[in-house]
Amino acid sequence: MKALRRAHRSWLLAALAMVPSPLAAQDIGAAAPDFSAPYVADSTAPPWHFAARDPVPLTILSFWATWCKPCETLHPWMEALARTYAGRGVRVVTVNMREPVDSILRWLDADTGSVTLDVRDTDGHITELYTVTSVPTILLIAENNVVVRRWEGFTGVMSGLEPVITRYLPPATSAAKPASRSCSDSSP
């Protein structure tokens with residue numbers, strides 16, 4: 001009887017292992033979890049709401065902290081990236097992890113004219129939703145709210161993010177060039 005129970009238990013565990021588990025927020029192909037967060041620069045404004053955002057082809061979530069040395073380089077680079085791709089539908093949202101607003105504002109003080117959307121994760125809820133365990137962590141989220149790429153740490157994001165962005169965006173439109181005329185196009 002014990003052997004039968006052990007065999008049944010082994011079979012049950014094997015069957016459970018074959019059942020696909022739901023995707024977690026950190027998984028590529030997972031639905032990006034919804035959240036609300038207060039703005040860094042304006043604590044009186046209603047919180048920014050991820051699900052209620054204007055539709056854009058790509059959203060970059062960049063988790064950072066003032067004590068993070070690589071973030072000192074990455075944050076201005078994200079700002080430049082936001083300026084470059086804003087007209088093509090890329091939004092950069094920086095999420096500061098559990099720091100006082102005065103520390104964040106001092107750190108961002110040199111960043112005047114920012115086009116990134118800077119929000120605060122005051123209680124760590126967003127960090128938990130996206131299973132962020134280190135900074136910087138960058139997620140690229142498509143218009144359909146699917147996580148398409150994730151970078152943890154500094155290595156690879158500066159060389160890998162832009163090629164992935166261009167892969168998901170339609171080609172940039174350029175000024176129309178006048179049509180060239182070939183020899184057979186000559187008309188009187």
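Mentor: Arg120 sits in strand 5, residues 117-121; strands (E, at least two residues) and helices (H or I, at least four) are DSSP runs numbered from the N terminus. This is a predicted model, where local features need pLDDT of at least 70 and side-chain atom pairs count only at pLDDT 80 or more, while totals for chains, interfaces and linings use all residues. Residues are numbered from 1 along each chain as its sequence is written, and side-chain values use heavy atoms, leaving out hydrogens and water.

Arg120 is buried, yet it has no salt bridge. Buried means under 20% relative accessible area, exposed over 50% and partly exposed in between, with a 1.4 Å probe and protein chains only. A salt bridge needs a side-chain nitrogen of Lys or Arg within 4 Å of a carboxyl oxygen of Asp or Glu. The nearest side chain of opposite charge, Asp102, is 7.8 Å away; here Lys and Arg count as positive, Asp and Glu as negative, and His and the chain ends are not counted. Leaving aside residues up to four places away in sequence, Arg120 touches (heavy atoms within 4.5 Å) Ala37, Pro38, Tyr39, Val40, Asn96, Glu99, Val101, Ile104 and Ile126.

Now to helix 5, residues 157-168: its buried residues are Val157, Gly160, Leu161, Val164 and Ile165. They lie on the same side of helix 5, because they cover an arc of only 135° around the axis, taken from the directions from the helix axis to the C-beta atoms. Ser159 and Arg167 are exposed on the face turned away from that buried side.

Lastly, a disulfide (cysteine sulfur atoms within 2.5 Å) joins Cys68 to Cys71.
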